[in-house]
Amino acid sequence: MKRLALLTSGGDAPGMNAAIRAIVLAGHYFGLDVIGYRHGFNGLLEQEYQTLMPSDVNNIIQRGGTILKSARCKAFTTEEGARQAADNLQQAGVDTLIIIGGDGSFRGAVHLSNFWSGSIIGLPGTIDNDINGTDATIGYYTAIDTALESIDKVRDTADAFERIFLIEVMGRHAGFIGLSAAVCSGAEQVLLPELYPNSQPDVEELVGHIQKAQQIRGKCSYIMVISENLWPGGATDLANQINARTGIDCRPVILGHVQRGGSPVSLDRMLASKLGAYAVEAALKGRTGIMIGECNQRMVEVPFEQTWNKPKELDPYLVRIQQEVFDLVKNSA
Ligand code: ATP
């Protein structure tokens, strides 16, 4: 193998730059030529790439976002698109492509492999942590801390005014950020998609929980963390419904894209550095069709299909203590 290419695709995540740095440094350590495609799969179609030298990755480990830019690319999902990408990779003399992204990007990797014989390796880069085969994804730990910083601030004002806040966090269709943020912020209630696989939260029950909490503790602040995409109309609609039924003043806060930004925390930098370096070593051994992950401090190679073939499970112990041990209302019954 002589020429290694990489790209970042799908939602950006803090730590992607740390992964790029690790790949570039490891690539050069092993004497490889490294290039980076810009704007995700669009870069493959447009032949938009740049040589990456170690000097290009100076001082990026601490930066959020991705120096290669990220994007979504509809044209690539067609057969014609993948054939074009394969031709372009061939022309550029690329032997291995490393894709840093989420499960959609890994589906894209498999799609490309139908038309290109080079090796393809994935790194899990998404704040959602919704990828099987790795304990965490690059960006997840930073997103929790970012959400938490905001929730702690909301708690201060909620406490001062004895108010109820519904805080909507990201996660796409998974509750990893929601659960972690709820546990770490001491939220009174958390609504996660995994807790309602075939149903919706019952507004009467939610109201009952709030009222009971106020009976037990007197008028007090109350934080409900809610995952995006769980409630039609989101936290704003749910807050309105609770207001309408009870007259209780209930404020929605939608954290939104702040959760995707910011300087990566140390855990994300470490994970990205390990995964990036290992991906290059795996490429040198001729591996392909796999995502590199980390489980129990061991680097693992996971076939792409296994990363999305079933929903990733939330930590069951964390769910139990949030739902049982820390639930003041349930415990008072
Ligand atoms: P995140 O979960 O953080 O948003 P992601 O990688 O899952 O990241 P997607 O938008 O789902 O983000 O996918 C990124 C890109 O991968 C898409 O824009 C598309 O080009 C490609 N892609 C996604 N799904 C497929 C598919 N089934 N077949 C081919 N390509 C795909």
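View 1. Strands here are DSSP runs of E with at least two residues, helices are runs of H or I with at least four, and both are numbered from the N terminus. Two strands pair if DSSP finds at least two bridges between them.

A quick word on what you're looking at: this is a predicted model, where local features need pLDDT of at least 70 and side-chain atom pairs count only at pLDDT 80 or more, while totals for chains, interfaces and linings use all residues. Residues are numbered from 1 along each chain as its sequence is written.

**View 2. Strand β5, covered on both faces.** In β5 (residues 119-124), six of the six residues are buried, meaning that 20 or more other C-beta atoms, placed from the backbone, lie within 10 Å of the residue's own. S119, I121 and L123 take one side, and I120, G122 and P124 take the other.

**View 3. The neighbours of β5.** Strand β4 (residues 96-101) runs parallel to β5, with six bridges between them; look for T96, whose bridge partner in β5 is S119. Together, β4, α4 and β5 make a right-handed β-α-β unit: with the strands pointing away from you, the path from the first strand over the helix to the second runs clockwise. β5 also runs parallel to β10, joined by two bridges, and here G122 has M291 as its bridge partner in β10.

**View 4. β10 meets β11.** β10 (residues 290-295) and β11 pair antiparallel over six bridges. M291 turns up again, this time with V302 of β11 as its bridge partner.

**View 5. Around the ligand.** Which residues come nearest to the ligand? Of the 19 around it, they are G10, G11, R72, G102 and G104; a residue counts as near if its C-beta atom, placed from the backbone, lies within 6 Å. Helix α4 (residues 103-113) gives the largest share of this shell, six residues. The shell divides into three nonpolar, 11 polar and five charged residues; Asp, Glu, Lys and Arg count as charged, Ala, Val, Leu, Ile, Met, Phe, Trp, Tyr, Cys and Pro as nonpolar, and the others, Gly among them, as polar.

Notes: A residue is buried if 20 or more other C-beta atoms lie within 10 Å of its own, exposed if 12 or fewer, and partly exposed in between; C-beta atoms are placed from the backbone.
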